[in-house]
Amino acid sequence: MKCERCGQREATYYYRENINGKETKAHLCSVCASEKESSFSLGDFFSGGIVGQMLSPTPMEKHKRAENKRCSLCSCDFSYIAKTGKAGCPQCYIDFAPLMEDALKRLHGNTVHKGRIPREYREKLGTRREQEQLEKQLREAIAAEEYERAAVIRDKIRSLNSEM
Amino acid sequence: MYWYEKEGKEQDIFLSTRVRFARNLRDYPFEPALDAPSAREIIERVGGILKPLGYESVDKERGVLYEKRLISREMAEKKTPSEIYTKDDCCIMVCEEDHLRIQAIKSGLDLEGAFKACSEAEQALDEKLRFAFSEELGYLTHCPTNLGCAMRVSVMMFLPCLSEAGKMKMIERELSRLGITVRGSGGEGSGAEGCLYQISNSVTMGVTEEEILENVRRAAESIVLTERELRRRMKEADEDKLRDRLLRSYGSAMYAFLTDSGELYRFYANIRLAAILGYVPCNTCIIDKMLFENLPYHIISRKGELSALERDKERARAVSEMLRKASS
């Protein structure tokens, strides 16, 4: 999909803005997205008051559902996170995941973790990442009509799958 | 020996390179929910892993460690249980904002060196602890801005000419678009005294550790080119005037009877530039030491509680002594 603002680059961000109840949505490229966001600093974005504003587009029913919900580890409720802009404990990110999703997307863009993996997750996630990498290579090889290379990659994927 | 006393690469611009990982233990809450016994438990567990590896806990005054840029201001001001373990270039803060802040500091520009040292410390802890992690969000941190790699890479740069030319605001704006932050040297919220700036990554999600290193390297390289060019032009435009201005500052520092912290930073910037341009017989390490070791907590640590006036007197004396020693 092309960026809805410049119409030239590939859209990689989903931008949502809510000003006094008027909601604007757009699929943007990284350049246009960063221009849109430039009036905010990342640090301010998730601290104190701004987080409250940021959470305002969240539908009312979500808030209602959140009222009684407490984190299973630290027992804080969602209003604590919205007020301080910080998580009460690591488990908050998991227990309040649906509520934090939008805010985290606005903070970090539409991206997921690509970096290092801790020891206990390494085997499971490492294999999955390797598989994704190979699938990408396979698509590229097919697109370039390099069928011999594609066959080698396909075999590698098969052997990885059997290991999993 | 502290980082600022060691020789490093490209010290005319770079004072230090720091890599820092934030890590948290899965089964403990963050502050303020983390109570004192739990914080002590974390400190014990981490100490139990680090001490056999040669790490030592540091009992020096926290204010002094902050002035040496070894710990954050937050850590220095902390009232609840917390601990600092160090070994060589690594300094690990336990129970700061996050349960663990693992950092390595190298003199001059040394991104690979700092990353390697920090990674080794992190790996050693990863072997024995269960870090809070999510497949999509990466390492789970107290502040959501650090999620992902939870890695901060920063270089401390001496930029007198860019600073004087009023270009830093523009650089700050440009780099913020690339996910790079420019701050005063004392970290968040501090001014750029002594023409010292910290350049660091603000993006930690959706990138690999290596990409973060590369982004900071590129940002720093672009600044270096402009600063060096400005230094060359400034020298060409009117070297006599420049030399006169810097040497007057050197003379004042040498003979002042009262020097407050603000003046120390001004002396520092001028004398450091004078040394780089070869006008005074000092190397930059001595000048950096002159600055860091004459900040308020260092003076109190050396001489005990003094009035502000007495501190300024002691500072003036120590600066003069250091400069004399360096030139003899």
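These questions and answers cover one asparagine and several salt bridges in a predicted model.

Visitor: Is B:Asn201 buried or exposed?
Guide: B:Asn201 sits in strand E10 of chain B, residues 196-201. Buried means under 20% relative accessible area. B:Asn201 has 3%, so the residue is buried.

Visitor: Which residue's backbone nitrogen does the side chain of B:Asn201 reach?
Guide: Beyond four places in sequence, B:Asn201 is in contact with residues including B:Met151, B:Gly179 and B:Ile212. Its side chain also reaches a backbone nitrogen at 2.7 Å. That nitrogen belongs to B:Val153.

Visitor: Why does the salt bridge of B:Arg130 and A:Glu120 join two chains?
Guide: The closest N and O atoms of B:Arg130 and A:Glu120 are 3.8 Å apart. B:Arg130 lies in the loop between helix H4 and strand E6 of chain B, and A:Glu120 in helix H8 of chain A, so the pair joins two chains. B:Arg130 is partly exposed at 40%. A:Glu120 is also partly exposed, at 37%.

Visitor: What is the relative accessible area of B:Glu96?
Guide: B:Glu96 forms a salt bridge with B:Arg101, with the closest N and O atoms 3.2 Å apart. B:Arg101 is buried at 5%. B:Glu96 is buried too, with a relative accessible area of 3%.

Visitor: Which residues are linked with B:Glu96 and B:Arg101 in a network of salt bridges?
Guide: B:Glu96 and B:Arg101 pair with each other. The network also takes in A:Lys86, B:Glu97 and B:Asp98.

Visitor: How many salt bridges are there over all chains?
Guide: A:Asp155 and A:Arg154 give one example, at 3.4 Å from N to O. Over all chains, the count comes to 41.

Technical notes: Residues numbered from 1 in each chain as written. Chains lettered and ligands numbered in written order. Predicted model: local features only at pLDDT ≥ 70, side-chain atom pairs only at ≥ 80, totals over all residues. Heavy atoms only, no water. Helix = DSSP H or I, 4+ residues; strand = E, 2+ residues; numbered from the N terminus. Buried < 20%, exposed > 50% of the residue type's maximum accessible area, 1.4 Å probe, protein only. Polar contact = N/O pair within 3.5 Å; in protein donor to acceptor, adjacent residues only side chain to side chain. Contact = heavy atoms within 4.5 Å. Salt bridge = Lys/Arg side-chain N within 4 Å of Asp/Glu carboxyl O.
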